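Please examine the assembly shown here, with its protein chains and its DNA. The paragraphs that follow go from a single residue to the whole arrangement.

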There are 2 protein chains.
Amino acid sequence: MVARRGERAKRGAVIPLPTTARGQRTRQKLIDSAEAVFGERGFHNAGIVEITQRADVALGTFYLYFPDKRSIFEDLVHTLNTRLRRTIAAEVREIDDRLEQEVVGFETFFEFVRKHRNLYRVILQAETVDDDLYRWHYRTLAEGYVQGLRKAQAAGQVRSDLDAETLAYSLMGMAESLGSRYVLWDGKRPPAATRRTIRAFLESGLRGKPRRKS
Amino acid sequence: MVARRGERAKRGAVIPLPTTARGQRTRQKLIDSAEAVFGERGFHNAGIVEITQRADVALGTFYLYFPDKRSIFEDLVHTLNTRLRRTIAAEVREIDDRLEQEVVGFETFFEFVRKHRNLYRVILQAETVDDDLYRWHYRTLAEGYVQGLRKAQAAGQVRSDLDAETLAYSLMGMAESLGSRYVLWDGKRPPAATRRTIRAFLESGLRGKPRRKS
DNA sequence: CTGATATATGAAACAGGCTTCAGGTTCGGC
DNA sequence: GCCGAACCTGAAGCCTGTTTCATATATCAG
């Protein structure tokens with residue numbers, strides 16, 4: 001059920017990507033604009049009118065590239081999700097120690113939020129717009145997280161009496177909450193005391209209890 | 001700028017609470033109904049029509065008690081915020097040990113979310129509806145949390161090299177994330193492995209590093 | 001019992017924003 | 001330089017959901 005180029009898309013139909021450079025440019029302009037508008041106003045308060053205006057195209061042009069408002073939103077969430085995971089993965093790749101990976105992962109996350117404050121707010125909105133999409137976002141993040149933690153447990157870098165999934169959601173929750181409080185609200189990197197606390201808390205939390213024997 | 005009883009409220013005016021028992025009952029029915037509808041549909045997809053229908057009152061009655069849609073939403077957030085804090089405080093009051101307080105606090109929170117699945121979604125929506133309200137919710141929660149943690153630090157139950165506020169937001173984030181994943185998505189209490197992990201993680205995280213001695 | 005006040009009703013006015021439509025315009029290949 | 005496909009336009013249709021209003025009923029003090 002793919003609308004042919006030149007035809008108007010039926011509701012719910014998939015619209016093929018534009019073939020010419022010009023079309024691709026326009027589509028991208030719409031996505032960029034949507035990121036800003038959704039981020040600033042929230043999904044429901046954002047209007048197609050404003051999205052197209054900021055993208056410097058006519059209202060009708062929007063429906064050449066997206067069947068409806070929700071569709072461009074989904075596109076945005078997918079993009080954000082991918083970029084976030086790639087960014088963190090890239091920063092963490094070379095690090096051997098899991099604790100260090102966590103610390104850098106948190107830092108990278110904060111930095112990402114700071115650079116894309118809008119993209120980030122978009123995710124929160126997904127909860128209201130499309131619950132499945134929202135869960136998908138967290139599940140994909142959690143999956144990677146769990147794998148990494150299991151590996152670290154096998155390597156003895158994280159105590160293995162902890163459930164990896166529980167840990168994954170705990171850490172994601174921490175990062176979001178802290179990111180919201182310090183980065184989104186205060187608009188800057190978390191203060192030094194916060195960063196120290198994160199490290200210390202994770203260190204003892206992940207490595208575990210005193211072992212009487214070594 | 002308070003609308004007198006019997007008068008129709010001007011936009012933005014404050015409406016006094018109903019004086020008679022009958023009025024109070026009706027107002028409460030509307031609030032309960034709103035909690036359900038906002039929770040299920042989200043603020044923007046929720047309609048006054050459905051709220052009044054489920055409350056068994058006529059459409060116009062709504063505007064006897066609330067000047068507009070947003071207003072009842074705010075009311076709801078305030079109510080839930082208060083109830084949540086009271087509930088947790090009550091469960092935790094008799095406990096001396098901070099770690100035990102945390103564990104019970106988490107459990108109580110999960111139970112609260114289970115009983116008021118809507119609370120959670122309502123709060124998240126606040127982010128889009130009224131950012132100040134959203135922040136107010138977390139700030140009030142954090143305030144109490146910070147005080148409790150400081151006291152525990154003074155009593156030597158929590159390591160004192162950690163920043164209390166950072167810790168508070170970390171723990172709130174954990175609770176929310178886990179509550180979302182296990183209670184909201186799966187609809188039941190978190191599994192045993194998760195509860196054990198929470199305890200173990202908090203225990204070493206809060207009490208601190210392994211001490212070789214003792 | 002009676003008037004004054006509080007509470008209740010639901011049809012209709014109103015507003016705002018998504019989506020459609022009936023044509024233009026641009027552009028690359030021949 | 002011509003033709004068809006791809007791309008673009010923006011006024012208007014349309015639908016949904018908030019808010020108002022004129023009117024009706026319940027309650028209670030005196």
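Where is the place of V158(B)? V158(B) sits in the loop between α7 (131-154) and α8 (164-185) of chain B, where helices (H or I, at least four residues) and strands (E, at least two) are DSSP runs numbered from the N terminus. The model is a predicted one, in which local features need pLDDT of at least 70 and side-chain atom pairs count only at pLDDT 80 or more, while totals for chains, interfaces and linings use all residues. Residues are numbered from 1 along each chain as its sequence is written, and chains are lettered from A and ligands numbered from 1 in the order in which they are written.

Why does V158(B) count as buried? V158(B) counts as buried because it has 24 C-beta neighbours inside 10 Å; a residue is buried if 20 or more other C-beta atoms lie within 10 Å of its own, exposed if 12 or fewer, and partly exposed in between, with C-beta atoms placed from the backbone. Leaving aside neighbours within four places in sequence, V158(B) is in contact with R98(B), L149(B), A152(B), Q153(B) and L206(B), a contact being two C-beta atoms, placed from the backbone, within 7 Å.

Buried residues of α5(B) include R98(B), G105(B), F109(B) and V113(B). The buried residues of α5(B) pack against α4 (69-92), α6 (117-129), α7, α8 and α9 (192-207) of chain B.

Chain A has 9 helices and 0 strands. Of its 214 residues, 38% count as buried, and its C-alpha trace spans about 75 × 40 × 30 Å along the principal axes.

Not counting residues up to four places away in sequence, F38(B) touches residues including F43(B), F73(B), L76(B) and V122(B).

Between the chains, 34 residues of chain A are in contact with 35 residues of chain B. On the side of chain A that touches chain B, α8(A) gives the most, with 12 residues. Chain A can be laid on chain B with an RMSD of 0.4 Å by a turn of 180 degrees and a shift of 0.1 Å along the axis, with copies superposed by least squares on the C-alpha atoms of residues with pLDDT of at least 70 in both. That is the relation of a two-fold axis. The same surface serves both copies, as 100% of the contact residues of chain A recur in chain B.

Finally, 26 residues lie around DNA strand D, and P18(A), G23(A), A58(A), G60(A) and G47(B) come nearest; a residue is near a strand if its C-beta atom, placed from the backbone, lies within 6 Å of it. The largest share of this surface near DNA strand D, 3 residues, comes from α1(A).
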